[in-house]
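Reader: I would like to learn how to read salt bridges and helix packing from a set of coordinates. Could we take the features one by one, with the general idea before the particular case?

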Amino acid sequence: MDDLTYLFSAYFYEAWDEYEYGSWQDAVDDFARRSPERVAGVMAALRALLDEPLTDKQLDARLRTRGCTFVSEDGDRTWLIQLLDRLQASPRARRALRGDAEELNPELD
C-alpha cells in the first residue's frame, strides 16, 4: 500500500472522527508521530495529486478510491493543501525528512 493510501485509509476512514480524533489536524499529527517513515512519501504524493488537472469531482473520486471519507467544507483541493502545509510544519515530519533516526522513535513523543 502506498503512503498516501495508508494515510487516508488508516486515518480518514468512515468513522475516524467519531472514535479516534477530534479534528483532521489531530489525525495528521498522530500519523506523523506514528509513521514518520511515510511522511516524505505522503508529501510527494500530495504534491503530485495537486499538480494533476483534476476537476473537483475527479479529485473527490480519487480520494474515495484511496479510502478517504473526510469531507472538508472548503473543498478537497483546499484541504489537501492544508494537509500538506500541516505535514511540512510538523516537527516530527521535519525530523523524519532529515532522517534523524533517534528522533523517529514514537516512544520519544
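Reader: Let me begin with a single side chain: is D60 buried, partly exposed or exposed?

Author: Please keep in mind throughout that this is a predicted model. D60 is partly exposed, its relative accessible area being 26%, a value that lies between the 20% under which a residue counts as buried and the 50% over which a residue counts as exposed.

Reader: Which residue forms a salt bridge with D60, and how far apart are the closest N and O atoms?

Author: The general idea is that side chains of opposite charge can pair when their charged atoms come close. In this structure the partner of D60 is R64, and the closest N and O atoms of the two are 3.0 Å apart. R64 is partly exposed as well, with a relative accessible area of 33%.

Reader: Where do R64 and D60 sit along the helix, and by how much of a turn are they separated?

Author: Both belong to helix α5, which covers residues 56-65, and because R64 and D60 are four residues apart there, about one helical turn separates them.

Reader: Which residues does D30 contact, leaving aside its neighbours within four places in sequence?

Author: With those neighbours set aside, D30 is in contact with Y11 and Y21.

Reader: Which salt bridge links distant parts of the chain?

Author: One such case is the salt bridge of D29 with R86, where the closest N and O atoms are 2.6 Å apart.

Reader: How many salt bridges are counted in total?

Author: The count comes to seven salt bridges, with a nitrogen-to-oxygen cut-off of 4 Å.

Reader: Let us turn to packing: at what angle do α4 and α6 pack, and how far apart are their axes?

Author: In general, two packed helices are described by the angle between their axes and the distance between the axes. Helix α4, which covers residues 36-51, packs with α6 at an angle of about 150°, and the two axes are 10 Å apart. An angle over 145 degrees counts as roughly antiparallel, and α4 and α6 are therefore roughly antiparallel to each other. Their crossing is left-handed.

Reader: Which residues make the contact between α4 and α6?

Author: From α4 the contact takes V39, V42, M43, L46, R47, L49 and L50, and from α6 it takes R77, L80, I81, L83, L84, L87 and Q88. Sorted by class, the residues of this contact are eleven nonpolar, one polar and two charged.

Reader: How far apart are A44 and L84, both in sequence and in space?

Author: They are 40 residues apart in sequence, and their C-alpha atoms are 9.3 Å apart in space. A44 lies in helix α4 and is partly exposed, with a relative accessible area of 42%.

Reader: How are α1 and α3 placed: at what angle do they pack, and at what distance between axes?

Author: Helix α1, which covers residues 3-11, packs with α3 at an angle of about 125°, with 11 Å between the axes, and the two helices are therefore oblique to each other. The crossing of α1 and α3 is right-handed. Their contact is made by Y6, L7 and Y11 of α1 together with A27, D30, F31 and R34 of α3, and by class it has five nonpolar, no polar and two charged residues.

Reader: Finally, what does the secondary structure of the protein chain come to?

Author: The chain has seven helices and zero strands. Of its 109 residues, 38% count as buried, and among contacts with a separation of 6 or more, residues 24 or more positions apart account for 61%.

Definitions and conventions:
Residues are numbered from 1 along each chain as its sequence is written. This is a predicted model: local features need pLDDT of at least 70, side-chain atom pairs count only at pLDDT 80 or more; totals for chains, interfaces and linings use all residues. Side-chain values use heavy atoms; hydrogens and water are left out. A salt bridge is a side-chain nitrogen of Lys or Arg within 4 Å of a carboxyl oxygen of Asp or Glu. Buried means under 20% relative accessible area, exposed over 50%, partly exposed in between (1.4 Å probe, protein chains only). Axes are lines fitted to C-alpha atoms, for helices over the stretch in contact, and angles run from 0 to 180 degrees between N-to-C directions. Angles under 35 degrees count as roughly parallel, over 145 as roughly antiparallel, 65 to 115 as roughly perpendicular and the rest as oblique. A crossing is left-handed if the near helix is turned anticlockwise from the far one by less than a right angle, and right-handed if clockwise. Contact means heavy atoms within 4.5 Å. Ala, Val, Leu, Ile, Met, Phe, Trp, Tyr, Cys and Pro count as nonpolar, Asp, Glu, Lys and Arg as charged, and the others, Gly among them, as polar.
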